[in-house]
Every structure is written in C-alpha cells, then in structure tokens.
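Please view the sequence and the structure first.

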Amino acid sequence: KFANRYIKFKNQLIFLKYNKRYNNSSRFALPEKYVYFPLHLQPEMTTSCLGKSFSNQLLAINKLRKILPDHISIVLKENPKQNYKQRNKYFYKFIHSIPNTIFAPISMNSQLLIDDSICVSTISGTVGYEALVSDKTCIIFGSTWYENFEGVFHANLINEFQVIQSFSFSKEHLKKDLEMHSQF
C-alpha cells in the first residue's frame, strides 16, 4: 500500500513540476517552422480505442519525428485536463530525448498554435478538424470521423513530408467533405 501511494505521490510531483516549467508563456518563443501536436488526455477513447497501434502517444511522436525533416520542430502541448495519471518521469524523459521537440505552455492559445504551424498532427482528436477549418493540413495516426477529408494524411501512408508541405486545398474543400460525410 505504501509503495502505491509513494508512486502516486511521485507522479503527482513530476506532473506539477512539468506544469510549473512549461506554463510560463512569457518566456516561450515559437520555432519558425513546426508541426503542432497537442497531447491527448489519457486514458481517453480517442487514443485508447481509435488510436489503434498508436494508442501510446510516444510512438506517434517518435513516428512524426521520423516523417519530418530535421529542421522542422514538433511543438507539443499538454492537455489542460490531464493530471498526473498516465504521465510519469519516463514519459517526459522520452519526449525530451526526441530531437527538435519542445513543449508549448499549457496556457498558450491552441488556435494560435494551429494558425502559426505548417501542419497539425493528432492521433484522432478534434484538433485535426480545427486545422482543416483553418486551411491547415493534418497528419493523423488513428481513426477519426474526418479521416477521409481533403488535407488529412495518414501517418502510416506518408512517404515524404514534401507532399504535405506542397498540398493545396481546393475551393470550399470543407463544405464538400462535410456534405459527403453527412450522407452516410
């Protein structure tokens, strides 16, 4: 019993330390070129079920790093509703070992992060749809209701990031996709 409480307490401290370290937006500067990847709340259906083989977000982030050219950063943002559960020191240590991968402050506006990004990436979250609304491409790792929309790329099918960077939306792309989606 004591060991379980100790581990729980230690994980709480690690999470609080993360929040204190990465929640100061006044000292944070966005990289020039980046892909925005907001972390999912865990446990959650969008990662646990719809994430398929990428239910572990660390696998998705690692795969994303391999897809992207070295000069393009990955900007992560912790889910504001996440607590110390499912996040331990090894989670953050692994992320810090991934080159050119940084955390944005939790308080930073997600729409700003979407707007200033090259592209958005998610396992299966609504941020992908928010990116499409902003005419930004999206890389997904799992299954989601908008996965067949124009501008959505499946991580397992990407051979070269240049295809995503050179992608151009057609006029009224979202309207057409939503009409097709509502017919099912």
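A nonpolar core is a set of buried Ala, Val, Leu, Ile, Met, Phe, Trp, Tyr and Cys residues joined through side-chain atoms within 4.5 Å; buried means under 20% relative accessible area, calculated with a 1.4 Å probe on protein chains only. The model is predicted, so local features need pLDDT of at least 70 and side-chain atom pairs count only at pLDDT 80 or more, while totals for chains, interfaces and linings use all residues. Residues are numbered from 1 along each chain as its sequence is written, and side-chain values use heavy atoms, without hydrogens and water.

| Core | Residues | Among its members |
|---|---|---|
| Largest | 27 residues | Phe37, Leu64, Leu76, Ile139, Phe141, Phe161 |
| Second, separate | 11 residues | Tyr34, Ala104, Val120, Ala131 |

Five of its residues come from α3, the largest share. Helices (H or I, at least four residues) and strands (E, at least two) are DSSP runs, numbered from the N terminus.

Lysine 77 lies in strand β2, residues 73-77. Is lysine 77 buried or exposed? Lysine 77 is buried, because its relative accessible area is 7%. Its contacts (heavy atoms within 4.5 Å) include Tyr36, Phe37, Leu39 and Ser110. The side chains of lysine 77 and serine 110 also form a polar contact of 3.0 Å, that is, a pair of N or O atoms within 3.5 Å, one able to donate a hydrogen and the other to accept it.

Definitions and conventions:
Buried means under 20% relative accessible area, exposed over 50%, partly exposed in between (1.4 Å probe, protein chains only). Lists of a residue's contacts leave out its neighbours within four places in sequence.
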